[in-house]
Amino acid sequence: MTTVTSPLSGRAIGLAAVPDPVFAGAMVGPGTAIDPVREPTTAVAPVDGLVVSMHPHAFVVMDADGHGVLTHLGIDTVQLNGEGFELLVSKGDQVKRGQPVVKWNPAAVEAAGKSPISPIVALEASADALSGVAEAGEVASGGELFNWN
């Protein structure tokens with residue numbers, strides 16, 4: 001079982017509340033979303049593993065069991081072309097849970113007209129593979145979001 005922890009501090013809102021039909025419909029995969037605190041912050045690795053995809057606005061860490069966890073910082077933030085995001089690791093790096101991955105400012109994303117709501121998704125998982133999914137309440141960076149069985 002893989003425990004996935006929050007890469008951000010904020011409020012868990014669940015995927016259905018994400019203002020994007022692809023994420024809200026769990027078409028990318030099941031998981032949850034965080035409405036982050038509106039201050040400069042650092043997104044951290046949600047699991048120990050290998051960074052298999054790295055973009056300013058999104059990254060995937062694959063754990064030793066082959067579970068890929070996507071952290072997508074905001075909605076439509078790809079349109080910001082990396083502006084306001086600082087990468088702290090590279091594709092191919094090994095990371096530990098809680099290790100800083102990307103510095104960004106959710107308030108600046110919002111000021112640019114994008115939603116800072118951040119989906120955290122279990123890639124290529126079935127909905128019944130997850131348990132204990134946090135869909136409400138405050139979550140600290142490093143707090144448990146869900147278990148991937």
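In the predicted model, Ala12 has Ile34 of strand β3 as its bridge partner. This contact belongs to the pairing of strand β2 (residues 10-12) with β3, in which three bridges join the two strands in the antiparallel sense. Ile34 also stands opposite Ser118 in β11, and β3 is joined to β11 by four bridges, again with an antiparallel run. Strand β11 (residues 118-122) is in turn paired with strand β7 (residues 68-72) over three bridges, also antiparallel. Within that pairing, Val69 is placed opposite Ala122 of β11.

These pairings form part of an open sheet of eight strands, arranged in the order β9-β5-β6-β7-β11-β3-β2-β13 with antiparallel pairing.

Strand β3 (residues 31-36) is mostly covered, six of its six residues being buried. Gly31, Ala33 and Asp35 point one way from the strand, whereas Thr32, Ile34 and Pro36 point the other way, and all are buried. For Asp35, the relative accessible area is 14%, and this residue is therefore classed as buried, the cut-off being under 20%.

The charged side chains were examined next. Three salt bridges were counted in the model. One of them is formed by Asp35 and Arg11, whose closest N and O atoms are 3.2 Å apart. Because Asp35 lies in strand β3 and Arg11 in strand β2, this pair ties together parts that are 24 residues apart in sequence. Arg11, with a relative accessibility of 38%, counts as partly exposed, whereas Asp35 is buried.

Asp35 also meets Arg38 in a salt bridge, with an N to O distance of 2.7 Å. Arg38 is partly exposed, at a relative accessible area of 35%. A salt bridge is likewise formed between Arg38 and Glu110, where the closest N and O atoms are 3.0 Å apart. This pair links distant parts of the chain, 72 residues apart: Glu110 is located in helix α2 (residues 106-111), and Arg38 in the loop between β3 and β4 (41-44). Glu110 is partly exposed as well, its relative accessible area being 39%.

Taken together, Arg11, Asp35, Arg38 and Glu110 are linked in a network of salt bridges.

How values were computed:
Residues numbered from 1 in each chain as written. Predicted model: local features only at pLDDT ≥ 70, side-chain atom pairs only at ≥ 80, totals over all residues. Heavy atoms only, no water. Pairing = 2+ DSSP bridges. Buried < 20%, exposed > 50% of the residue type's maximum accessible area, 1.4 Å probe, protein only. Salt bridge = Lys/Arg side-chain N within 4 Å of Asp/Glu carboxyl O.
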